[in-house]
Amino acid sequence: MTHLERQGTVQFYMNPAPSPVSGSSKDTSHDPRVLPAAAADEAGLSADARLCVLREMMSEAFLCLDAHGRIREVNGRAAALLGLPADQLRGQEPWVAEPALAGTSLHERLMAALATREGGRFLAELPSRTWLDVNVQVVGEETWVLAADITRRQRAENEVARTEERFRQLGERFQVALDSAQMAVWETNLATGQVFRSEGHDRLYGYPHPLTEWTHERFIESLHPDDRPGVQSQLDDIFAGKTDSYISTFRTYWPDGSWHWLTSRARVLRDATGKVVVIRGAILDITALKETEFALQEAVRTRDDFLSLASHELRTPLTSLRLQAQLLRRMSESAPTETLGSVKVQAKLEATERQLRRLSALVDNLLDVSRIRTGKLDFHFTEGDLAAVVSDLVARFGDEARQTGVQLNAAVEGPMMGRFDRLRMEQVVSNLLSNALRYGSGNPVFLSLTRYGGTLRLMVRDNGQGVPEKDRERIFERFTQGDNAQRRGGMGLGLYIVQQIVEAHGGHIRVEDSPGGGATFVVDLPL
């Protein structure tokens, strides 16, 4: 009945009060709807009376409608649903007797049955929120309606449906959380052999779509050879009863050839005998975390190496400066007649100046690296002749080259007009020349500035040991030096700064082999 009412199909009447037998002046001995006083005496019941007793004993609500939809017969359960005595209901349409039914789906379904003379079965909900299972049958000119109250069952089904929907939504949210965290859960039932895996489990092992099955052998085979013994040892401890949980971090091989880091946490359930029955766990992809960890470790190593190198490099000119100052003081004490213009004093002053320039260059490089990292390396572009800048620097480095016994040759075409930052381009040339003098093994160094197609090409070539092909990209990184750097000094910043300046001018720099050995640094700048 409840179900039918929801669909607006039918109304019913149940448990009507029996018509009084005593105290009535009307003769009801032949009325089949009225039970005889001796109702318990079956022999005294007529066929109609027996039918009336049967209707009242039914657990379903029953009513009989004539061809116009008026109620001819109704049992007590149907009358109770309509809330009126049976005598008041007979001869009325259900939706007239109970106006709340008018326009409901129950009303519409009954009217359709009356019009088409076709029966049917459906669920309906009454306005009182009672659910009915309604069965309509056409019997001659009458329409019989039988309805069972299924309110409790329907409410239970609705509650089950709501619960299932809540669990479905929770499952979807849980899966979203797992996917967002690159995480999966799994469970292996050793008693049944069943393996449960959440949706993203196989993706953590490099499979874009779930596999038909997942086995322990597949898992072991995917492990990195170095990690496999440790994982297997933890599993052995579980089955040996030594532990009930474990945390394992390992690398797994993906079908695309890459390695990924996973961490797995698991617990075991044992039966009364201590035998492992279920292993349940969660897996998290920590590849990004591991990469960050390795990067931080590398950064710490780079920092330590840099601090060691910087302290050494800065100490060298400072030691030389202190030595020159001590020599000058001794000269003033032992030879007070020596003047500033004397050869000995001038030599000491020149050595002091060279060390000061070196110290200044080291400090400037450190400051420039800091500015580059924060995006504050300033450039002041003006029109000028780059050939004049290069020629001036070649002249200045000529004295240093002679003192170190290196022959410095240059071929500078000019003028080379362009828009550039003069101080920064001086840094480029100075760093490249210093690099060539340091690593040229005392051999001649050659510099050229020419037009090459639509660019200006600056080349600095030495005849030293050269740069291995595997290091030709790496040497332009911060704090990176060649294999012979520790013997030659430097902090591994010069080429990094040169590359940043050249790229800021719209150009690029590369290193290649020199004819006959050595390295050639080539800088191309737009005209």
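**Reading the model, feature by feature**

Mentor: Asp-202 and Arg-197 form a salt bridge, their closest N and O atoms being 2.9 Å apart. A salt bridge here is a side-chain nitrogen of Lys or Arg within 4 Å of a carboxyl oxygen of Asp or Glu. This is a predicted model, in which local features need pLDDT of at least 70 and side-chain atom pairs count only at pLDDT 80 or more, whereas totals for chains, interfaces and linings use all residues. Residues are numbered from 1 along each chain as its sequence is written, and side-chain values use heavy atoms, with hydrogens and water left out.

Trainee: Is Asp-202 buried or exposed?

Mentor: Buried means under 20% relative accessible area, exposed means over 50%, and partly exposed lies in between (1.4 Å probe, protein chains only). Asp-202 counts as buried because its relative accessibility is 2%.

Trainee: How many salt bridges does the rule give?

Mentor: The count comes to 22 salt bridges. One of them joins Arg-70 to Asp-66, with the closest N and O atoms 3.3 Å apart. Arg-70 is partly exposed, at 34% relative accessible area, while Asp-66 is buried, at 13%. Another links Arg-90 with Asp-87 at 2.7 Å between the closest N and O atoms. Here Arg-90 is partly exposed at 21%, and Asp-87 is exposed at 55%.

Trainee: Which residues are linked in a network of salt bridges?

Mentor: Asp-392, Arg-396, Arg-422 and Glu-426 are linked in such a network.

Trainee: How should I read a nonpolar core?

Mentor: In soluble globular proteins, nonpolar side chains tend to be buried together. A nonpolar core is defined as a set of buried Ala, Val, Leu, Ile, Met, Phe, Trp, Tyr and Cys residues joined through side-chain atoms within 4.5 Å. In this model the largest such core has 41 residues, and those with the most contacts inside it are Leu-386, Val-428, Leu-432, Leu-447, Leu-458 and Phe-521.

Trainee: Which helices and strands each supply at least two residues of this core?

Mentor: Helices (H or I, at least four residues) and strands (E, at least two) are DSSP runs, numbered from the N terminus. The contributors are helices H12 (386-403), H13 (422-439) and H15 (494-504), together with strands S14 (445-452), S15 (455-461), S16 (508-513) and S17 (519-526). H12 provides the largest share, 8 residues. A second, separate core has 25 residues, among them Ile-71, Trp-95, Leu-114 and Val-145.

Trainee: Leaving aside its neighbours within four places in sequence, which residues is Val-428 in contact with?

Mentor: Contact means heavy atoms within 4.5 Å. With those neighbours set aside, Val-428 is in contact with Leu-458, Val-498, Ile-501 and Val-502. Val-498, Ile-501 and Val-502 are among the buried residues of H15, which also include Leu-495, Tyr-496, Ile-497 and Gln-499. Just after H15, Gly-506 takes a positive phi of about 85°.

Trainee: Where is a positive phi found in a residue other than glycine?

Mentor: Arg-117 has a phi near 60° and is found in the loop between helix H6 (105-116) and strand S3 (120-125). Arg-117 is partly exposed, at 29% relative accessibility. Ser-441 also has a positive phi, of about 60°, and is found in the loop between H13 and S14. The relative accessible area of Ser-441 is 36%, so Ser-441 counts as partly exposed.

Trainee: How should I read a sheet?

Mentor: Strands of a sheet pair through backbone hydrogen bonds, either parallel or antiparallel. Two strands are taken as paired if DSSP finds at least two bridges between them. Arg-267 has Arg-280 in S10 as its bridge partner.

Trainee: How many disulfides are there?

Mentor: A disulfide is a pair of cysteine sulfur atoms within 2.5 Å, and the count comes to 0 disulfides. As for individual cysteines, Cys-52 is buried at 7% relative accessible area, and Cys-64 is buried at 2%.
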